[in-house]
Structure formats: C-alpha cells, structure tokens
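This briefing covers a cavity and the salt bridges of one structure. Please look over the sequence and the model before reading on.

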Amino acid sequence: MQRQDQIDNFGREVHRRRVAIVFAALAALLAFFAILNLCIGSVNVPFADLAAILGGQDASSMNYEIVWNIRLPRLIAAALLGGALALAGFLLQTFFNNPIAGPYILGISSGAKLVVAIMMILVVGGSGVMTSWMLVLSAFVGSMAAMMFVLLVSRRINSMSMLIVAGVMIGYICSAATDFLITFASDANIVNLKNWSLGSFSGISWNDIGLMAVVVLASSACVFLLSKPMGAFQLGEQYARSMGVNIRLFRVALILLSSLLAACVTAFAGPISFVGIAVPHLVKRFLATSAFLGGAIFCLFCDLIARSVFAPTEISISAVTALFGAPVVIAVLLQRQKRRTD
C-alpha cells in the first residue's frame, strides 16, 4: 500500500513538472510573438530600440507613437481576446460535451455581431456616441439570444451533429441580416462597420483595453473557480452530482461566462472564426494546460500574419485563423469517425 502511494505521488509530481515546463514554454512563446508584433509591420521598429521605447524614452519619435499608440494596444487586445475566445470555446465544449462546439460554429458570435451592428447603426448613425460598455452589453444580449435559441433546439434534437448544423444555420441567418444592414449603412460615421464585421484587432484604444481587461480577467477568474466542478462534470454528469456539484447552477454559469467572453471578443474585434474550436482541442490534447494562454499565442501569431504578410494591406483576422484552425476541426471530425468505426 505504501509503495502504491509512492508510485501515485511520483506520477503526480511528474505530471506537475510536465505542466510547469509546458506552461513556461508557452509563456516564452507568448513573449516571443509579443516582441515580433511590436517590431514587425509596415514600418519596422528595430529590436535594439524597443526596450528604450517601452521605457518611455525618445517619446517624440515616430517609432514611439507606433509602438505605444498602435501596436501595444493591439497586441494586448489580441492576447486578451484570443485567450477569451479559446476559454469560451472550452466552456461550450464542456457544456455540450462536443469537441467542435464553439462560439463561431454555434452562431453565438454571429448573434452578438448582429445586435452590435444594429446598435452601431441606430446610435452612431443617429449622431450618438457608442461607448465601449454599450458595445459589450449589446454583444452580450446578442450572444445570449443566440445561445438561448441553441439551447431550445438542443431540447428537441438529440443528435449533437444536428445541433451543430442548427448553430451554423443560426450563424448564417445572423450574418446575412448583418450584411443586409451594412449595405444600407452608408453614413460616414460607421464607415468602419464592414471592416469590423470581418474581424480585426485594429483600432483598439487604451480605454478599450481597460474595459476588456476587466471583463475578460474577471470572467477568467470565475472560470478558474469552477475548475474543480468542471473536472468532475467532464467525467460524467452522474459523477459530478455524486461529488456535490449543483448541475443546474453549473450549467447556467457555463452559459453566462461563455456568452460574456464571446460577446467581449465580438464587441471589440468582430467575429473571429475557429479559435474557440481549434485551440481548446489542441491545448487539451497535447499540452494539458491553459486554454487562455494557447488562445493568446494563436491570435498573436495570426494577427502578425494578417497585418505583415501583405503590408500595408491587412488581411481579415478570421481568414488567417480559419486557415490554421479549419484543418484542426477536420482532424477532430476524422478522429471521431475513426473511433466510431473501430
């Protein structure tokens, strides 16, 4: 018995060390892509000057303005929102017990996009001021509406594959309605609406960073507090009940947190595809560590490609995330099919 305890303790220690090593490697990778994002662009900033710029020196130079007012807010936004999107996808995959459930696939991001577009046209088009809080609240209303519709469909459909199809159809309907609105939104005050609707981390201000940090970090802290009941729930609903988990409250928490995280992303960056599906799956399968950190790295990498490959022309961030995320989803589907046939 004592020997078995020693073996178990050794196994847990090996696992902790492995997770710590992977976490440190991901942190180093995050720092690496952060530096690349600050230095590379239509105007390259020398790496040797970066430390002085970040330290507040040479404040009158053009590079200082580029780093502090354009690239640094964008970098922080990509990290925060990328992590939020991966975390939202992880929560939805836990809720539906399906590895291809995500905010974009289930139409949640598209629902948020539609309501934000309506608010932009009504408020900004009416010469009003669209504050960051209004953006987030509008997106949350839209994401919750789409989520409620998905839940209603799930009560009538037992097949998870059909539920995913229903979510995709919701996304198409919301996207079509948004495109229709954009067609008639010709006011100069909302000229950036179409670019936003395609997904982009550009145009983020320091005021936006403050709000998104509050929403994302507070929501992430709540997810962390749910880690133990989430682990129990992933082993089965009956097991979670036996461990004292209130399933009803737990499901409500998953819905609210995933919708809020997806809404925050959509409000500031528009709908971004495949991050919420691909990253949680890869992190869970190969790294066994933070989905948030994986999403931050993935979006920093994709944003670097989106704005630098054809600089000064910028590619939609969703086009890049789909390029790398779609093959992961295909691999997941093939793997599930192989398990069923074996």
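Helix α3 gives the most to the lining of the largest cavity, with four residues. This is a predicted model, in which local features need pLDDT of at least 70 and side-chain atom pairs count only at pLDDT 80 or more, while totals for chains, interfaces and linings use all residues. Residues are numbered from 1 along each chain as its sequence is written, and side-chain values use heavy atoms, with hydrogens and water left out.

**The cavity**

- One cavity of 30 Å³ or more is found in a search of the whole structure; a cavity is a set of points, on a 1 Å grid over the protein atoms alone, where a 1.4 Å probe fits but cannot get out.
- The largest cavity holds about 50 Å³ of space, a volume being the space filled by probe spheres set on the points.
- Its lining is made up of Asn37, Arg71, Arg74, Leu75, Ala78, Leu300, Asp303 and Arg307, where lining residues have an atom within 4 Å of a point.
- Two or more residues of this lining come from each of α3 (62-96) and α13 (291-308); helices are DSSP runs of H or I with at least four residues, numbered from the N terminus.
- By type, the lining has three nonpolar, one polar and four charged residues. Here Ala, Val, Leu, Ile, Met, Phe, Trp, Tyr, Cys and Pro count as nonpolar, Asp, Glu, Lys and Arg as charged, and the others, Gly among them, as polar.

- Asp303 and Arg74 are both buried (under 20% relative accessible area; exposed is over 50%, and partly exposed lies in between, with a 1.4 Å probe and protein chains only).

**Salt bridges of Glu237**

- Arg241 and Glu237 form a salt bridge, with their closest N and O atoms 2.8 Å apart.
- These two residues are separated by about one helical turn, because they lie four residues apart in helix α10 (residues 237-242).
- Arg241 is partly exposed at 44% relative accessibility, and Glu237 is partly exposed at 30%.
- Glu237 also forms a salt bridge with Arg251, where the closest N and O atoms are 3.0 Å apart.
- Arg251 lies in helix α11 (residues 247-269) and Glu237 in helix α10, so this pair ties together parts that are 14 residues apart in sequence.
- Arg251 has a relative accessible area of 25% and is partly exposed.

Key: 1 Å grid on protein atoms, 1.4 Å probe; cavity = no way out; pocket = protein on both sides within 12 Å on 5 of 7 lines; lining within 4 Å. Salt bridge = Lys/Arg side-chain N within 4 Å of Asp/Glu carboxyl O.
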